[in-house]
Structure formats: C-alpha cells, structure tokens
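Here is my note on the charged residues of this structure. Please read it with the coordinates open.

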Amino acid sequence: MKTTAKRAIVLLMMLSLLLSSLSTAMADDDDWYTYTYSYWGDEMASPNAYAVTNVIYAKDVDPELGSFSNPTSIFTIDDHVFICDTNNNRIVELIKKDGKYELVREIYTVEVSTLLADAMTFSGHVDPTLYNPTDIFVKKTTDKERAEHYGEYKGDPYVYPDVPETKTDDTKTDDTKTDETAAPEDKGEEKSDETAADDSATATSEGDEDGENGENGENGENGENGENGENGENSDGEGDNGEPSTPPPERKENIIKQKLDCDYDIFIADKQHHRVIHCDYDLNVISVIRDPKDDTLGKDFIFRPEHIVNDNAHRTYVQAEGVVNGLMEFDSQGEFTGYVGAAKVVISFFQRLWRKLQTKEQKNRSEQYVPTEYNNLSLDSRGFIYATISALDDQDIYAGVATPIRKLNSMGSDILIRNGSHFPMGDVKWGNITSTASGASKFVDVIAFENDTYCCLDKTRGKIFAYDFQGNLLYAFGNIGYSRGRFTRVTSMDNLDEETILVLDGMRGCITEFSMTSYGKMINEALDLYKKGYYDESAKVWKEILQYNGNFELAYVGIGRALLRQGEYKEAMKYFKNAHDSENYSKAFRHYREEVVEKYILYAVIALAVLIIVPKVIRKIRRLRKEIKEA
Amino acid sequence: MRKLLSNIAYYFKGEGWRNYRKSFRYAFYVILHPFDGFWDLTHEKRGSMGVAHTIVILTVLTHLWDRRFTNFMLNNTQWSKFSIWLNVLGILVPLIIWVAANWGITTLFDGKGRFKDIYMGTAYALTPYPMIGLPMIFLSNVVTKEEGVFYTYFNTFALVWAAFLVLCAVLMIHDYSLLKGIVVVLASIVGMAVIMFVVLLFFSLISDAVMYFVAIYKEILYRIG
C-alpha cells in the first residue's frame, strides 16, 4: 500500500517536471576556432570574424633578411610595419604595397648629431647601436611640432673617434647603397659568442670601435644584464623565455632598400642599452630618455624599457622591467615625472590573516605582496592607454578582483568598462580547450581600434579576444599549433588598418595577417551605428548577424534595445531574456507593466465600483421602496 | 489498494478530514506561537503525520516552482543543467538525515522525542517556507529588478524563521533548555556530516566489492571460455 502512496508522490513530482519545460543543452563541442562565451560561460561556436590571409616569414619578404630571432614587438602605422627583431639587435621596416610586403630597411643604428652626443654617451663613448630593442612606437608629426617641443636637433653628424671620417660620411649619405658584402660578414659575427665577438672585432676596421665599446662601455653592464635577466625570469616568469640575450651588437650599417620620405617620429625601447631613443624617420636622434632619477627607484635601479607609447601631449609612457609602481611617465624633455596607473595590490582575506599570524622573521622571508607590473601597453586614437598585466593569480582573475586589461586615462585611473556577462579576462573556461594549456589567459599585447573595440593577445593559448566598448566579448579565435592561424608563442600584434591585424609569433618568427570577414564587419557596423545613436539601423544589422550566429547574445541585446526605444516593450523583453540581460529586461518590464496597468486600470476601477457601489445603491433603493410602501 | 482507498475515504469524509484540517490549521498556530505550539504538537498530539507529509511535499513543490516560475530577473536557473531529482533530493535527503542525526543525538542526551516526533516537528517548522515562498513566486512576476529586493528579503526571512522554528521544535520536543538545545542542534549538524560520510564510504566499498566479484566472474568466464 505504501508503494502506491509513493507512486502518487512520484506522479506529483512528474507533474512538476512537465511544468518545467527544460531547454535542451547546447552542444558542448570545444574545438571551435572562433567562439564566444554565453551568459553561462559555455563556449558557443561563432562564424569566423577574422580569416588568415597571409603568413609572412622574413625570408619571404627579402632573402637577405635572414630570419627573425625572438621578435618581441610589431608596430604598424599607415602601410608601414615595424618589427623589433630583438635578438638580432635590429628593427625591420616593411611596407605593404598592393597586398605584398616589401622590405624598406633594417635599422641597426641611429644617427647622432653633435648636439645629442652627450645623451648617447655610455662610459665616454657614443653608442648609436640598438641592443635588444623590445618595442617601437611611431607617430605622425611635423617639423613645426618637433621644433616646438624638442628644439633644434639636427646638428653636424657626430664624428666617431678611431673611425675614418669617410666612414661616417658613408653612413650619412650613401645609405641607399650599402655593400652587399657587409651583410654576410655581419652574420658570421652574430653567431660567435660574446668573448669571440670581442676578440675578433679587431679584425675589421668597422669592428675597431665596437671592440672598444665592448671593452669600456659594455663589459660592466653585461655582467649586470646576466643577473637581471635571471631576476626578470624569477619575478615575471615570462622574460625572454630563457633565451640568452645576444652579445652586444657590432656597429652595423643600416640596410636601406627603399628611400621613403615620411613625417614620422620613432621611439625605440633600446632595452639593453637602458634608454628610449626618440628619432625622426631618417633616424636622426631627437631626444633620449635614460637614467630616470627618483627616490622610489632605488640606487641600483637599471632602466630597462620594454614597451613605450608617446601621447599627443608628447609624454612618453614606458613599461620597464621590474617596475611595479605602474607605467613610467616622462615629459618631452625626457624628465621622469612620475608613475601612472599603479595596479592595486590584491591580497585575499586568508593571505591577510596568514600575514597577521606570521612572526617578523617569517614575514621577511615570505614573498612580499607587491603590485603586479604591467607587461605591455598601447595607445588608442583618443590618447587613452590600454595596458595588460599577465603576472596575476588565477584565482583573483576568476573572482574578478584582478584586472588583466586596463584602460588608463591621463590621471592613471582605470576607466575600462566591464559591463559584459564576464569580465574581459580572456577565456572563461580554462581546462578543456587545449590539453597543453591550462589556467587563465595571460595577455601579452592589446590593440584598440577606432570604434573603441579592443583586441587582446593571449599567450597561454595563442588566442585573440575582441571586446566591444562595453566589455562584451565579441569573438575569440586562434590556437596553439603549427597550421595557418595558429601560433607557437605569440608576442605582439598590431592592426594595419581597421580590418587587418598582424600577429607576431616570437618562436617561429613569422607574422600572421588576419583580415576581417563580412561577419566581423557586420558586428563593427552594428556597434558603430549603435554608438552613433542609430538604434533602429543597428538593430537591422544585429538581425542580420543573428542569421549567421544565433548564439550571439549581444545581438539579442542590440535588437532588444531598439525595440525598447520603439516602445515594443513585450517584444523587447523577449530579446533581453534570450540574452540573459536582466537589467534591460527590468527596464522593458517596467514600461510594459505601466502599459498593462494603464490599459486595464479603468476596467479595474469600474469592477471595483460595481462591486462596492452597486450593492449599496440596490440596498438604498430597497430601503426607499420599503419606506415608500410603509408610507 | 483497498486500504489506501479507505484511508483516502477516511480522510475525505467525516472525522478524518476534520482532524486533518484541524491539525493543518494548527501549523499556523505553531509558527506564531512556537514554544507553546511545539509542546502541544507532540505532547498533546495536536499534530498529525499526514499534515507533516503535506508540508514537506509543499516545501519541495515550492522549491521546484520557485526555480521554474520565478521571474527570470530573480531566477538564475540554467535549464540545460537543471535536474529535478537533484532538487527534490536536495531537500528530502538533508531532511531525513537531519531527523536521523537529531534522533541519534537526542537519544543519547535523554531527549523525550521519538523519531516520528522529530520528523513532525521539523516538518511543521518548515511551514513558513511554502507559506511565504508561494506568494513570492507570484510577486516576482510583477516587480522590476530593483523592487526584487523584497522577493529576496522575504524569502530570506522565511528561511530564518524556519530555522528558528526548528530550534524551537528541538527545545520543546525533547524538553531541553536553550543552551542544551543549541548544542544538540550543532551536534546534529556534525552528525549529519558523519552520516553522509559513512553512507558515501559504504557505497564506495560496496561498489568496490561488487566490482571484485564482477572481475572474478569475468576471469572465470575467460578461463573457461
């Protein structure tokens, strides 16, 4: 008998089950190339927003270019592409012409005038070479602007001692035609190790000066470099990925293939020479940032600039190795003016508790909770700095406490909008995409587009994440691997125009060119229209996007917003519900409720009146009748 | 089957139905006068098992309907991962373990209540949850997100109320002082953990044992075949 009772209970429960119509689970396939994340943090397949259009190796551009050795940075302006070929101590400039990349020049040294000889002097010697340049920043400028902010810089060329005068003249005038024989000679020396390079340097006339530089200027620093390289690895874990920094460079001629005339200012982070060189397009040094002086920096601080930008007010922001107080800001005179955007120290409750319980000795021995240092930065068209931090605790990222991407205003505060269902943190699910990579995404570079969308480059899984101005993930793509569109170790990226991005693979030494597909363009169009206030037009585009990608929650929100403005509240609610946007749903619901109440309030009042007044009236009439009868 | 029908018939006419309604109405008295109410619930036999079952079922249904019908602004249910059985068992299993653990502890600490009494007391103590929860489901569908704090507030209130009633039930059913009652409640929670651990251990061992015999069976088959 009891079993029957149980059955009755089960029946009741099944009734409940029927009432709750369960939506079917989404396909849990994680092998998509392009995807987005749903509100619930599930990967949702998406059409490709970018397609690989080209994979460029150095030797394909020009056979004499050799191959890139640990290139760490790529920068584009107009059609020019600058690549910091770090371990080859050079910067390679390419230009895109008719869809093909051509070599413009290889930059090994800069031109020093007598006016700036002091600034370029190390231990009594002027050293114009680049030593492991890690970043380059180029911006458009004019002669007038230069003169205004930096004064006169074009002086007589500095005459290097021990070098025949004709030699320096050569570098000035005959830049266009360099000796073909010089290149192989240089390569041979590159391969030799540090001591051998110093010894053999005496062989050539060119090598003479370098030998001296090496002896006098560089030896002391080399020792330090070795130490600090290790330090960098310990503290950051990324460093140069264990690759030994190359020996101090020989003084090589710049190889110039095309003589172009551009109004650009070039900023080079000459890392192992501890300076930021600012020069014009013809490489005449305009100013040098070096040896920043500040109480916070400590006595044995060595300035190792890694990434740089220069804003419209001619301030230079430098992300330097081992600097944890934020980005270093320098004025146009090269004076250190302070830090910008110090990342907050994130200490969890338990860490704090543990700290309280520790003795003084333990405290001293345990690691210090220092703010995390930035690892890259870039400037958007409005002059805001986008910066990335990769040395963050996974748990902090998961909890949303840590901010791997920040957008800094000139005051240094983080103004990145994080309104998406997930924080801009790259992958939301960490385990299952590739078996080799785990943990949170670690961003190494970020680029901002004109329309305030931004792309972040994740070195953990070789992925690119694109976010809109509200912090919604638009799409993520890329992966670790050797095929087209996959990367081994991404180091940097930049956008050639609004629809082309170049991603630099530091291990393979190649550049992958991505071009936006029509799907990606549609998303941009919809976002642009929305930002300009054309909500209805934007909704039309969003609807079209839904045809391609029904999983795209942002599209539902976009349509819902337009419907909300049109007063189609009920319909808007539907779309917001699809996108799990409860804020907007609530807005739409408030209007909808008003509408319903307004519509039925009259009936409700009438009904109430009928219920209350009519009986009263009837009663009164009856009483009256009674009275009349009696009377 | 016939007995069940006669039971139902008993309930739906005459004495039984009147008693059922009476002890159901008593639930509302209990939640407003917990000390007096829980004492009389068992000692004066004013509660009934039928009503206790009803309240438990209502609690389960309220929980399910809450998940299903609460407005989506206030309802974070991922339907693709929703399991109705997990939700039902999520209420029933802790309830049963609680009653068992409390019974075990109170038997050692000279509690007056029987297993049945503890179950009945706990069930009656759950009354505020469906009582407040069901109207809140309706309310959630006519409020905006900002007004939704009322929904959360009232539901939390219901849970706190129910927890307080459970404590009162323990005090009155076992005739304990306040301090002893609190200690027993805490001990019962520890006891619940122990029971769950033992059950898990038991099932894990059983499955290992079964696997062992299955392996032997397969081995024998392999050898013979």
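1. Buried means under 20% relative accessible area, exposed over 50%, and partly exposed in between, with a 1.4 Å probe and protein chains only. By that rule A:R406 is buried, because its relative accessible area is 7%. Its salt-bridge partner is A:D414, at 3.8 Å from N to O. A:D414 counts as partly exposed, at 24%.

2. On the basis of the note: this is a predicted model, in which local features need pLDDT of at least 70, side-chain atom pairs count only at pLDDT 80 or more, and totals for chains, interfaces and linings use all residues. Residues are numbered from 1 along each chain as its sequence is written, chains are lettered from A and ligands numbered from 1 in the order in which they are written, and side-chain values use heavy atoms, with hydrogens and water left out.

3. A salt bridge here is a side-chain nitrogen of Lys or Arg within 4 Å of a carboxyl oxygen of Asp or Glu. A:K140 lies in strand β10 (residues 133-140) and A:D78 in the loop between β4 (73-77) and β5 (80-85), so the pair ties together parts 62 residues apart in sequence. Strands (E, at least two residues) and helices (H or I, at least four) are DSSP runs, numbered from the N terminus. A:K140 is exposed at 54%; A:D78 is partly exposed at 37%.

4. A:K521 and A:E499 also meet in a salt bridge, at 3.9 Å from N to O. A:K521 sits in helix α11 (residues 518-532), and A:E499 in the loop between β28 (490-497) and β29 (500-505); the two are 22 residues apart. Both are partly exposed: A:K521 at 38%, A:E499 at 34%. Elsewhere, salt bridges with shared partners join A:D42, A:K429 and B:K81 into one network.

5. Which residue's backbone oxygen does the side chain of A:H273 reach? That of A:T129, at 3.1 Å. A polar contact is a pair of N or O atoms within 3.5 Å; within protein, one must be able to donate a hydrogen and the other to accept it, and residues adjacent in sequence count only if both atoms are side-chain atoms. A:H273 lies in the loop between β12 (264-270) and β13 (275-280). A:H273 is buried, at 0% relative accessibility.
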